[in-house]
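Here is a short briefing for a first look at this model. Keep the sequence and the 3D view side by side as you read.

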Amino acid sequence: MTALLFERSREDRVLAGVCGGLAARLGVDATLVRLVFALLALAGGAGILLYFALWVYGGGGRTWAAAALVAAAAAVLLSALGLSTATVIGATFLVAGLAVVLVRGGSLRPGGSLPKLGIALLLVGAVFFLGHNVTSGPFIVPGAIVGALVLVVGPWIWQLTSERAERIRAQERAEVAARIHDSVLQTLALVQRHAGDARRVAALARRQERELRRWLYGSGVAEAASLVDALADAAAEVEEVHGVPIELANAGDVPLDDGVAQLVLAAREAMTNAAKFSGAGEINVYAESAPDDVAVFVRDGGAGFERASIAPDRRGITESIEGRMRRAGGTATVVSTRGQGTEVELRLPRSES
Amino acid sequence: MKRRVVLVDDHELFRAGVRGELGERIEIVGEAGSVAEAVPLIRELDPEVVLLDVHLPDGGGEGVIAGVAAERPGVKFLALSVSDAAEDVISVIRAGARGYVTKTISSDELEAAVERVAEGDAVFSPRLAGFVLDAFADGERVGDAELDVLTAREREVLQLIARGYRYKEIAARLHLSVKTVEAHVSSVLRKLQLSSRHELTRWAHERRLV
């Protein structure tokens, strides 16, 4: 059972605590809610029906019973406003049909499961509604136009939004993959290398668990609040895992936001690469915050490499550094010369805030 | 000939470490763990170089420099610490230290730094270079005081130091001689010590508040 949208109030009650609960949920004064119900009650008893509906719902989530009562309340209210019975019945069916479509879902696109019950209810509603109003003329033309528009444009809008959602999902997947690559896969590789050393393996596993937890349930990259703090954390982690000292220098600092967090992760990956592959005795990291952009340089004086010699399926540089910076709206430049070391330059434009 | 050095640091372990690693290559003539101990010791021993911790139990490293400089102007100071707030480091430099290195520095580099300071040159670690760039950032020229701003070249050199390039590598990259690079660094040090720009004071003050 899904969580209830509101619960009846035990403390603030006159009858069943419906108004109190609703007021607490909406964050308004309970007296105001009661006043609205009282006014609605005057409209043919709609308020009373609505109260019962919410009572039923708040008493254990009997959604369908509650929905029926709400529909009845709405029908009573519309009659009280002076609409004819046929219009009210038609409107009731239309609303019920829409509700069924929304709740049950379904698709008008090829291959989707048609919400048959919903469509049937909508048609019945339309027959009632139009059958009554056709004589009064002007309803039919705008109605037809709106109907056609909904049929034609609706699926298209649906498709657009679902494609957008798909794109966002793909981006999230790429970020997750980059993250897993940086942390879990690195740790697993280290665990394999140190398989004989039980203590080292245990320490690695503990670390990884802590880190993964922090990422899954915590604040993400680090508790640190600024670029330099987060870089210091990242440097400490890389030092701990790979045993290569990292010298961190900075001119200025910026608060941590999503983009800066990605910058830190890219820098971390660059540090890891330097620690693992360069053979250098020390890694230098320099962060510079100018008014319009932030730059981080990760440099080692080690072996250097040629880009062409790196297997394309190794995701470290393309995905965890370049791809990540691109997604964050920044750039990454890798300059490496055999025998003279490697420098990774990461730049991120400062956001307006 | 080995350089005569005094070590001033309140961490006995660190002093032992430096002694162990550099004892063969430099001559450690004395050690002190506080400002009160250090000042008379340095006056008496008159070493070439003092390795000076930025933080001491009874005051900052600048207290040692102030107590010694007038009587022993030939003594060079090299500040050294684990990790410090920028303003503390800048204060020690402004008090007269010829450079600043972090304690994670390798023995070879520390020896080279002692040598360089003894020769009268400046020693900027990457971290100090970053601090100085920050301190001189968006510096407006006060009047025509040339001391208040860094030249484009000086900035370039400092940035490369911050990024971890050695003097030799910087010289190669900028097509300069190592001597010229050293001259730029010394010039920055001079500006740092002599500039009266109130931005520098205000900057340190703001940093302290953050």
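In which helix of chain A does A:Arg207 lie? A:Arg207 lies in helix 8 of chain A, residues 198-217. The model is a predicted one.

**A:Arg207**

- Is A:Arg207 buried, exposed or partly exposed? A:Arg207 has 16 other C-beta atoms within 10 Å, so it counts as partly exposed. The cut-off for a buried residue is 20 or more, and for an exposed one 12 or fewer.
- A:Thr187 is 20 residues from A:Arg207 along the chain. The C-alpha atoms of the two are separated by 9.0 Å.

**Strands of chain A**

- Strand 3 (residues 293-300) and strand 5 (residues 341-349) of chain A run antiparallel, joined by eight bridges. Across this pairing, A:Phe297 stands opposite A:Glu345 of strand 5.
- Strand 4 (residues 331-337) of chain A is also antiparallel to strand 5 of chain A, with seven bridges between them. Here A:Val335 has A:Glu343 as its bridge partner.
- Strands 4 and 5 of chain A form a hairpin, with three residues between them. In the turn, A:Gly339 has a positive phi of about 85°.
- Strands of a sheet pair through backbone hydrogen bonds, in either a parallel or an antiparallel way.

**The fold of chain B**

- Chain B contains 10 helices and eight strands. Of its 210 residues, 44% are buried.
- Among the contacts in chain B with a separation of 6 or more, 66% are between residues 24 or more positions apart.
- Six strands of chain B make an open sheet with parallel pairing, in the order 2-1-3-6-7-8. Strand 2 (27-32) and strand 8 (123-124) of chain B stand at its edges. Each has a single partner strand, so one side of each is left without a neighbour in the sheet.
- Inside this order, strand 6 (residues 76-81) and strand 7 (residues 99-102) of chain B run parallel and share three bridges. B:Ala79 stands opposite B:Tyr100 of strand 7.
- Helix 2 (residues 35-45) of chain B packs on the sheet. Helix 2 touches strand 1 (4-8), strand 2 and strand 3 (49-53) of chain B, and its direction makes about 150° with that of strand 2.
- Helix 3 of chain B lies across strands 1, 3 and 6 of chain B, at about 150° to strand 3.
- Which residues of helix 3 (residues 61-69) of chain B are buried? They are B:Gly61, B:Glu62, B:Val64, B:Ile65 and B:Val68. Seen down the helix axis, these buried residues fall within an arc of 155°, so they line one face of helix 3.

**Nonpolar cores**

- The largest nonpolar core has 102 residues. A:Leu231, A:Ala267, A:Met271, A:Val285, B:Leu78 and B:Ala79 touch the most other members.
- Helix 10 (residues 258-278) of chain A gives the largest share of this core, 10 residues.
- Beyond its neighbours within four places in sequence, A:Met271 contacts residues including A:Ala234, A:Val238, A:Ile283 and A:Val298.
- A second, separate core has 20 residues, among them A:Val18, A:Ala66, A:Val70 and A:Leu78.

**Where the chains meet**

- How many residues of chain B are in contact with chain A? There are 12, and they contact 10 residues of chain A.
- Helix 6 (residues 126-135) of chain B supplies the largest share of chain B's side, six residues. That side divides into five nonpolar, four polar and three charged residues.

Key. Residues are numbered from 1 along each chain as its sequence is written. Chains are lettered from A and ligands numbered from 1 in the order in which they are written. This is a predicted model: local features need pLDDT of at least 70, side-chain atom pairs count only at pLDDT 80 or more; totals for chains, interfaces and linings use all residues. Two residues are in contact if their C-beta atoms, placed from the backbone, lie within 7 Å. Helices (H or I, at least four residues) and strands (E, at least two) are DSSP runs, numbered from the N terminus. Ala, Val, Leu, Ile, Met, Phe, Trp, Tyr, Cys and Pro count as nonpolar, Asp, Glu, Lys and Arg as charged, and the others, Gly among them, as polar. The arc is that of the directions from the helix axis to the C-beta atoms. A nonpolar core is a set of buried Ala, Val, Leu, Ile, Met, Phe, Trp, Tyr and Cys residues joined through C-beta atoms within 7 Å. Two strands pair if DSSP finds at least two bridges between them. Axes are lines fitted to C-alpha atoms, for helices over the stretch in contact, and angles run from 0 to 180 degrees between N-to-C directions.
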